[in-house]
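Subject: Handover of a structure and its findings

Dear colleague,

Please find below the structure that I am handing over to you. My notes on what was found in it follow directly after.

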Amino acid sequence: MATAISTSASGHSRAALREPLWVKAIVFTLGIGFLSLFLVLPLVAVFTEALREGLHAYFASFRDPAALSAIRLTLVATAISVPLNLVFGLAASWAIAKFEFRGKSVLITLIDLPFAVSPVISGLIFVLMFGLQGWLGPWLRAHDIQVIFAVPGIVLATVFVTFPFVARELIPLMQEQGNDEEQAALLLGASGWQTFWRVTLPNVKWALLYGVILSVARAMGEFGAVSVVSGHVRGKTNTVPLHVEILYNEYNFVAAFAVASLLALLALATLALKTALEWKIQAARPSLEPTAVEG
């Protein structure tokens, strides 16, 4: 009886969700048109302009010492900022999801701060703190330490704009999983460190990798905050996005789009990895559908 009622209700629900064919066609057309206009066409334009004068001109753009310096600096900033954010994001997520403590809401707010603050504003804050006329400027100058218009400032700006990504991927997953497995491991005699490495970390590995990929993509493509603290010193403090801007302003369109194609390829690779990891995360999660019970 209960099964028949459940089947009937399910059938009515599916029938209520059916839409006329013309509605589906309009929605599908709008979706494809939006993606084509704002995603496919810009990508096609980037690669078309980059290859407009042939492969020789395309690859010659990367032999420019300024381009090589920009690529090198971008990789350095990413290599430093992403591991720092990985450690911070993992620790913050574990603390927020597994423990109760004073200041928890403040920590969550601070994690979300880079999403609310403009990257340009964050760059100006670093200039206010570490610039020659800033709060710490006299002390830094006395100790011959340069932060702004140098690599340390670029790294700081990159860390700031990217540190929410790992934490924001892990916190919901850890909260959903709860503490049952960790408590069971502790009751069986595992230490806190063993519990973290053998229980907590394996359960969140795909979400952790997903957050790292997003952090890498944002770090390599960041423009606003890095533009403020870098000083635009060609061959020294320009990252890839800043180098693209300079080339474009100099009307060197082929080189500008050639270097920009690196960021486009990065975006495509990030999208592919994001999709693959979403499949992994869904496969790793236990089924949440209730088991049917026959009446």
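In these notes, axes are lines fitted to C-alpha atoms, for helices over the stretch in contact, and angles run from 0 to 180 degrees between N-to-C directions. Helices (H or I, at least four residues) and strands (E, at least two) are DSSP runs, numbered from the N terminus.

This is a predicted model, in which local features need pLDDT of at least 70 and side-chain atom pairs count only at pLDDT 80 or more, while totals for chains, interfaces and linings use all residues. Residues are numbered from 1 along each chain as its sequence is written, and side-chain values use heavy atoms, with hydrogens and water left out.

Overall composition

The protein chain has 15 helices and 0 strands. Of its 295 residues, 35% are buried; buried means under 20% relative accessible area, exposed over 50%, and partly exposed in between (1.4 Å probe, protein chains only). Contact means heavy atoms within 4.5 Å. Among contacts between residues at least 6 apart in sequence, 73% join residues at least 24 apart.

Packing of α4

The axes of α4 and α8 lie 9 Å apart, and the two helices pack at an angle of about 50°. That angle makes α4 oblique to α8: angles under 35 degrees count as roughly parallel, over 145 as roughly antiparallel, 65 to 115 as roughly perpendicular and the rest as oblique. On the α4 side, L73, A77, I80, S81, L84 and N85 take part, and they meet V151, I154, V155, T158, V159 and T162 in α8. This contact of α4 with α8 has 8 nonpolar, 4 polar and no charged residues (Ala, Val, Leu, Ile, Met, Phe, Trp, Tyr, Cys and Pro count as nonpolar, Asp, Glu, Lys and Arg as charged, and the others, Gly among them, as polar).

Helix α9 (residues 164-177) also packs on α4: their axes come within 8 Å and cross at roughly 30°. α4 is therefore roughly parallel to α9. Here N85, L86, G89, L90, S93, W94, I96, A97 and K98 in α4 meet V166, A167, L170, I171, M174 and Q175 in α9. The residues of this contact divide into 10 nonpolar, 4 polar and 1 charged.

Nonpolar cores

A nonpolar core is a set of buried Ala, Val, Leu, Ile, Met, Phe, Trp, Tyr and Cys residues joined through side-chain atoms within 4.5 Å. The largest one holds 18 residues, of which F126, F130, I148, I154 and V229 touch the most other members. Two or more residues each come from α4 (65-98), α6 (119-130), α8 (151-162) and α13 (224-230), and α8 gives the most, with 6 residues. Leaving aside residues up to four places away in sequence, V229 touches G123, F126, V127, I148, F149, A150, G153, I154 and A157. A second, separate core of 13 residues includes V82, A97, M174 and L208.

Loop residues

The loop between α13 and α14 (240-249) contains H232, whose phi is near 55°, a positive value in a residue other than glycine. H232 counts as partly exposed, at 30% relative accessibility. N238 lies in the loop between α13 and α14 and counts as buried, at 1% relative accessibility. Not counting residues up to four places away in sequence, N238 touches S69, A70, L73, H232, V233, H243 and I246.

Y251 is placed in the loop between α14 and α15 (253-284). Y251 has a positive phi of about 65° although it is not a glycine, and at 66% relative accessibility Y251 counts as exposed.

Yours sincerely
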